[in-house]
Amino acid sequence: MRPVPVRDQRVLHDAGELLRALAAPVRIAIVLQLRTSERCVHELVDALGVAQPLISQHLRVLKSAGVVFGERHGREVMYRLVDEHLAHIVVDAATHAEETARARTGDDADDGGQETETA
């Protein structure tokens, strides 16, 4: 087996910064909301049940990390994900966390932790 090449240190740093920006539960929830369509702040407030100032603060973090992009439409700013890679990262992490939680509670005890397909 050949060793996996080490990435450029700057790339590793930038990846770490991206993961740090995604590390808060509210920011994960925002990304999950934005993966299907663009949203304004009040739509995110309604969907997540979080106060507007807190949503705005988290959006600033995501924007500065290059995760979201905001575009003004009249009086509102519509936010969207910069690209689909970001949604995949968050969806995969959430799916993994759900599977881990099920395994801890014994929900997968019957099938040894393996998902089974049903017709």
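Predicted model: local features only at pLDDT ≥ 70, side-chain atom pairs only at ≥ 80, totals over all residues.
Q: First off, how much of the protein chain counts as buried?
A: Of its 119 residues, 24% count as buried. Buried is under 20% relative accessible area, exposed is over 50%, and partly exposed is in between, with a 1.4 Å probe and protein chains only.

Q: OK. What's the secondary structure of the protein chain?
A: Five helices and three strands. Starting at the N terminus, the order is α-α-β-α-α-β-β-α. Helices (H or I, at least four residues) and strands (E, at least two) are DSSP runs, numbered from the N terminus.

Q: And how big is the accessible surface of the protein chain?
A: About 8,600 Å², and 54% of that belongs to carbon and sulfur atoms. The areas come from the Shrake-Rupley method with a 1.4 Å probe; for residues, only the protein chains shown count as cover.

Q: What share of the contacts is between residues 24 or more positions apart?
A: 51%, taking the contacts with a separation of 6 or more. Contact here means heavy atoms within 4.5 Å.

Q: Let's look at α2. Which of its residues are buried?
A: Helix α2 covers residues 25-34, and its buried residues are V26, R27, I30, V31 and L34. Down the axis of α2 they fall within an arc of 140°, so they line one face of the helix. That arc is taken from the directions from the helix axis to the C-beta atoms.

Q: Why would residues three or four places apart point the same way?
A: Because an α-helix has 3.6 residues a turn.

Q: How does α2 pack against α5?
A: Helix α5 is residues 84-105, and the two pack at an angle of about 125° with their axes 9 Å apart. That makes α2 oblique to α5. Axes are lines fitted to C-alpha atoms, for helices over the stretch in contact, and angles run from 0 to 180 degrees between N-to-C directions. As for the naming, under 35 degrees is roughly parallel, over 145 roughly antiparallel, 65 to 115 roughly perpendicular and the rest oblique.

Q: Which side chains or backbones meet there, I mean which residues?
A: From α2 you have I28, V31 and L32, and they meet L86, A87, V90 and V91 in α5.

Q: What about α2 with α3?
A: Those two pack at about 110°, with axes 11 Å apart. α2 and α3 are therefore roughly perpendicular to each other. The residues that meet are A29, I30, Q33 and L34 in α2 and L44, A47 and L48 in α3.

Q: And α3 with α4, what's the angle there?
A: About 115° between helix α3 (residues 41-48) and helix α4 (residues 52-64), with the axes 9 Å apart. So α3 and α4 are roughly perpendicular to each other. V41, L44, V45 and L48 in α3 meet Q52, I55, S56 and L59 in α4.

Q: Changing topic: is M78 buried or exposed?
A: M78 is buried, with a relative accessible area of 14%. M78 is in strand β3, residues 76-81.

Q: What does M78 touch?
A: Leaving aside neighbours within four places in sequence, M78 is in contact with E38, R39, C40, E43, F69, G70, E71 and H73. M78 and V41 are 37 residues apart in sequence, with their C-alpha atoms 7.5 Å apart in space.

Q: Where is S37?
A: In the loop between α2 and β1 (39-40). S37 counts as partly exposed, at 32% relative accessibility. The C-alpha atoms of S37 and Y79 are separated by 8.8 Å, and these residues are 42 apart along the chain.

Q: Last one: is R60 buried or exposed?
A: R60 is exposed, with a relative accessible area of 55%. R60 is in helix α4, and its C-alpha is 9.7 Å from that of G70, 10 residues away in sequence.

Conventions. Residues numbered from 1 in each chain as written. Heavy atoms only, no water.
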